[in-house]
Amino acid sequence: MSAQGSATAPQPGAGEESTAAAGRQGLAIIGGGKIGEALLSGLVRRGGPDGIVVCERSPERAAELSARYGVPVLDLAEAAARCRVLLLAVKPQDIGTLLGLLAGRVDPGHLVVSVAAGVPTGTIEAALPDGVPVVRVMPNTPALVDEGMSVLSAGAHADEAHLDEAEALLAAVGRVRRVPEAQQDAVTALSGSGPAYFFYLVEAMIDAGILLGLPRALAADLIVQTALGSAVMLRDSGEHPVQLREAVTSPGGTTIAAIRELERHGVRAALIAAIEAAHARSVELGRDAKDR
Ligand SMILES: NC(=O)C1=CN([C@@H]2O[C@H](COP(=O)(O)OP(=O)(O)OC[C@H]3O[C@@H](n4cnc5c(N)ncnc54)[C@H](O)[C@@H]3O)[C@@H](O)[C@H]2O)C=CC1
Ligand SMILES: O=C(O)[C@@H]1CCC=N1
């Protein structure tokens, strides 16, 4: 059921193409891994759009997603024939193969939305028939809880209506912003990978609680609620992070003792270097995808 179609599908003639395009609706999520599932679960929970299907290379994974979300699993040929929006959620290393399989099956009546880190719209466009609209999106996994951050950029053939369509899709699972594509590698390093940095910091703080003798469950509860409360303050207070931090930092108190250690260990510089490395990797993934 989840087997992929062959790359040598016959090309439709012009008349057949527009008839086929008129009959398409709905969304195919191609690649049902971690981010594919995060988007799928949010979209299903929000009840839309109509006609969501999944294409997944692994039959076991395909069966799991179908059972969990009640969506049909189609092969690529069926999905491209039936769905107007094709959301590519495979690894950057797999995008070239996938585009090769899709090339004979898509036309300008489709909208291709790619979440592959680093992969420029130009690389996707070059692998597909001329004129296919492509929107590049960098989502993140908090889409699973409707708190995603998705950032969109239009390719050469995507107009405002295509961006609106992609935005409506992603807005079902969180906030959406639009940027020029040149900023997408930085976006990937910040909000795409960002949840992992926060989980890492939370892990370290829970470890600290355990070192100080607290039960793990208690330490986790304290830190997770503190992270949530801090995030809501950052979002809603209108204050700069420095002001919020200063309000916690009493003269001669506990917080300044901790902040001095963070500065002494270069945590600020480490975070900046880490995000710079993620940016460099996104650029590299894009170059590799072009060469494949
Ligand atoms: N995991 C994350 O937090 C985020 C990931 N991304 C991007 O999303 C993409 C997917 O990432 P993950 O979900 O983490 O990877 P993953 O490895 O969990 O999922 C990829 C899935 O695609 C499937 N697949 C590969 N080739 C296929 C094909 N030809 N047809 C159908 N299915 C195919 C694989 O079997 C796998 O289940 C990557 O390009 C990544 O850069 C973007 C934002 C956040
Ligand atoms: O680690 C990665 O490459 C993907 C892209 C952004 C988040 N996860």
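**Ligand 2.** I looked up the shell around ligand 2 and found 1 nonpolar residue, 3 polar residues and no charged ones. For these classes I counted Ala, Val, Leu, Ile, Met, Phe, Trp, Tyr, Cys and Pro as nonpolar, Asp, Glu, Lys and Arg as charged, and the others, Gly among them, as polar. The residues that surround ligand 2 are A117, T188, G192 and S193; a residue is near a molecule if its C-beta atom, placed from the backbone, lies within 6 Å of it.

**Basis.** I note that this is a predicted model, in which local features need pLDDT of at least 70 and side-chain atom pairs count only at pLDDT 80 or more, while totals for chains, interfaces and linings use all residues. Residues are numbered from 1 along each chain as its sequence is written, and chains are lettered from A and ligands numbered from 1 in the order in which they are written.

**Ligand 1.** I found 28 residues around ligand 1, the closest being G31, G33, R57, A116 and A117. The largest share, 4 residues, comes from α5. By class, I recorded 12 nonpolar, 10 polar and 6 charged residues.

**Whole protein.** I recorded 13 helices and 7 strands, taken as DSSP runs (helices H or I, at least four residues; strands E, at least two) numbered from the N terminus. The C-alpha atoms fill a box of roughly 75 × 40 × 35 Å along the principal axes. Of the 292 residues, 33% are buried, that is, with 20 or more other C-beta atoms, placed from the backbone, within 10 Å of their own.

Technical notes. Buried ≥ 20, exposed ≤ 12 C-beta atoms within 10 Å, placed from the backbone.
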